[in-house]
Amino acid sequence: MGALVLAEGGDFVPPNTDIFFLPPIFGSVTKPMVLLVLSVLVIVAFFMVAARGLKIVPSRFQFMAESVYDFSRNNIAREQIGSKDFRPFVPLILSLFTFILVNNLFGLIPILQFPSMSHIGFPLALSLLVVYPVWHGVGIRRHGLGKYLKKEIFPPGVPVPVYFLLSPIEVFTKFIMNPITLGVRVFAAMFSGHLILVLFTLAGEYLVFESSSLMLAPVGILSWLFAIAMTFLEALIMVLQAFIFANLAAGYIGRALSEDH
Amino acid sequence: MVKSELYLAAEEHNPVLPEISEIILGLVSFGILLFVLWKFAVPKFEALYKERTAKIEGGIEKAEQAQAEAQRALEQYKAQLAEARAESARIRDDARAEAEQIKADLHAQAQEEASRIIAQGQAQLEAQRAQIVAELRADLGRNSVELASRIVGESLEDEARQRGTVDRFLAELDSNAPAGAGKK
């Protein structure tokens with residue numbers, strides 16, 4: 001893609017959002033779609049292989065799988081939902097965490113090199129159509145519709161006049177903003193991260209190979225070094241964003257189940 | 001041409017507007033993932049955790065049991081040891097007492113033997129002395145008479161007188177004898 005952009009002339013053309021929309025691989029199947037399916041295959045294979053030979057004393061591979069499972073189960077689900085109710089949600093939280101994690105990490109794996117969550121459709125599908133209905137659904141099932149809405153919209157312990165101000169904010173936050181920001185957060189982090197990596201890499205390439213002045217070549221190398229540094233930062237952000245998504249999803253579910261907050 | 005294609009692409013795709021196809025694909029693939037993990041992976045992991053917890057708890061219990069048993073054995077052993085010590089002390093005391101007894105018995109026996117031997121010796125001595133005295137008495141009687149008849153020159157016919165003289169002499173001798181025997 002960079003080569004295509006550069007081929008057009010001597011001037012540096014900074015990468016724009018087009019880098020996220022590669023031409024379809026075949027038919028209307030695009031790279032992120034393939035990656036998404038690949039991620040499902042990878043995760044399923046990982047856990048199925050691990051689950052087949054589970055031993056009391058774990059092997060190295062089983063220990064790795066258990067660490068991922070433990071992290072989702074204990075550090076996210078149990079921590080956020082509470083040890084009483086968390087068990088039914090372990091599969092959901094585990095799936096959310098691993099799914100987003102693997103799709104984010106695709107941004108760093110050579111050849112794949114594309115974080116599928118930088119296409120907003122995927123994270124929004126998860127946040128709006130999976131987490132959102134589950135979260136309010138379990139709340140309504142636990143408390144009944146009326147009691148649940150009352151609990152969510154009119155938090156107890158507030159003077160009545162304040163409700164005029166507080167309740168619209170609560171509705172706006174819990175029923176509109178929370179699910180949207182949940183998805184957008186991952187999307188934005190992956191989108192900007194990928195853009196920054198591409199920018200530093202292409203700029204370095206341009207400065208080293210294309211620019212007329214030799215003086216600029218060292219700057220180009222500096223730019224590549226920055227790209228490497230940003231790659232490490234990006235790796236951190238990718239893991240962190242997967243954790244944040246799963247953690248917030250669990251947190252919303254836990255909040256909906258709790259008696260009051 | 002490339003430029004126009006890119007330009008078109010940029011117009012078609014707005015990065016903040018989700019595409020329907022991606023939403024559907026995202027939902028379906030996540031659904032499959034969720035289903036598989038829910039049905040196959042999570043139950044196995046949970047079962048493993050349960051088993052592991054049970055095993056660890058069982059192990060702890062077993063260890064506690066073993067410890068209690070060891071404690072019991074130790075106490076039993078100690079008790080046995082004390083008993084054995086008491087027993088050995090008792091046996092030693094008994095042996096000592098017995099030895100004492102045997103020693104005393106032997107001592108008494110020896111003493112008895114000694115006194116018996118002494119008594120026998122004395123009796124023998126007494127008998128011999130009596131015999132010698134009797135012999136001497138007989139000899140002395142005869143000798144004295146013979147001596148007297150020689151000195152006097154006449155035979156003492158009168159038996160009664162003869163006996164009276166000898167007896168008187170012997171009585172006299174007898175009263176002096178113990179002093180003479182003691183000196184000997």
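Visitor: What makes the confidence in chain A of this predicted model what it is overall?
Guide: The model is predicted, and the mean pLDDT of chain A is 88, with 95% of its residues reaching 70 or more. That mean of 88 is to be set against a scale from 0 to 100.

Visitor: In which helices of chain A is confidence lowest and highest?
Guide: The lowest mean, 44, belongs to helix H1 (residues 2-6) of chain A, and the highest, 95, to H4(A). Over residues 1-9 of chain A the pLDDT stays under 50, and the model has eleven contacts for them beyond four places in sequence.

Visitor: How many of the elements of chain A are helices, and how many are strands?
Guide: Chain A has eight helices and zero strands. From the N terminus on, its elements therefore read α-α-α-α-α-α-α-α.

Visitor: Where does UniProt place the "transmembrane region" feature in chain A?
Guide: An unreviewed UniProt entry lists residues 33-54, 89-114, 120-140, 186-209 and 221-246 of chain A under that name. The label comes from the record, and such annotations may be inferred rather than shown by experiment.

Visitor: What does the model show over residues 33-54 and over residues 186-209 of chain A?
Guide: Residues 33-54 of chain A are 91% helix and 0% strand, with end C-alpha atoms 32 Å apart. Residues 186-209 of chain A are 100% helix and 0% strand, and there the end C-alpha atoms are 34 Å apart.

Visitor: What describes the way in which H5(A) and H6(A) pack?
Guide: Two packed helices are described by the angle between their axes and the distance between the axes. For helix H5 (residues 121-143) and helix H6 (residues 145-153) of chain A, the axes come within 7 Å and cross at roughly 115°. The crossing is right-handed.

Visitor: Which residues make this contact between H5(A) and H6(A)?
Guide: H5(A) contributes A:Gly139, A:Ile140 and A:His143, while H6(A) contributes A:Leu145, A:Lys147, A:Tyr148 and A:Lys151. They divide into three nonpolar, two polar and two charged residues.

Visitor: Why is A:His143 called partly exposed?
Guide: A:His143 has 18 other C-beta atoms within 10 Å. A buried residue needs 20 or more and an exposed one has 12 or fewer, so a count of 18 falls in between and A:His143 is partly exposed.

Visitor: What is A:His143 in contact with, leaving aside its neighbours within four places in sequence?
Guide: A:His143, found in helix H5 of chain A, is in contact with A:Tyr148 and A:Lys151. Contact requires C-beta atoms within 7 Å, so each of these two residues meets that limit with A:His143. The C-alpha atoms of A:His143 and A:Ala256 are separated by 8.9 Å, although the residues are 113 apart along the chain.

Visitor: How many residues of chain A and chain B are in contact with one another?
Guide: 35 residues of chain A are in contact with 32 residues of chain B. On the side of chain A, the elements giving two or more residues are helix H2 (31-52), helix H4 (90-105) and H5. H2(A) gives the most, with nine residues. This side of chain A divides into 28 nonpolar, five polar and two charged residues. For the complex, the predictor gives an ipTM of 0.86 and a pTM of 0.69.

Visitor: What share of each chain is called buried?
Guide: Buried residues make up 38% of the 261 residues in chain A and 7% of the 184 residues in chain B.

Visitor: How many helices has chain B, and where is confidence in them lowest and highest?
Guide: Chain B comes to three helices and zero strands. Confidence is lowest in helix H1 (residues 2-12) of chain B, at a mean of 46, and highest in helix H2 (residues 20-152) of chain B, at 91. Residues 1-11 of chain B have a pLDDT below 50 and eight contacts beyond near neighbours in sequence. Residues 180-184 of chain B are also below 50, with zero such contacts.

Technical notes:
Residues numbered from 1 in each chain as written. Chains lettered and ligands numbered in written order. Predicted model: local features only at pLDDT ≥ 70, side-chain atom pairs only at ≥ 80, totals over all residues. Helix = DSSP H or I, 4+ residues; strand = E, 2+ residues; numbered from the N terminus. Axes fitted to C-alpha atoms, helices over the stretch in contact; angles between N-to-C directions. Left-handed = near helix turned anticlockwise from the far one by under 90°. Nonpolar A, V, L, I, M, F, W, Y, C, P; charged D, E, K, R; others polar.
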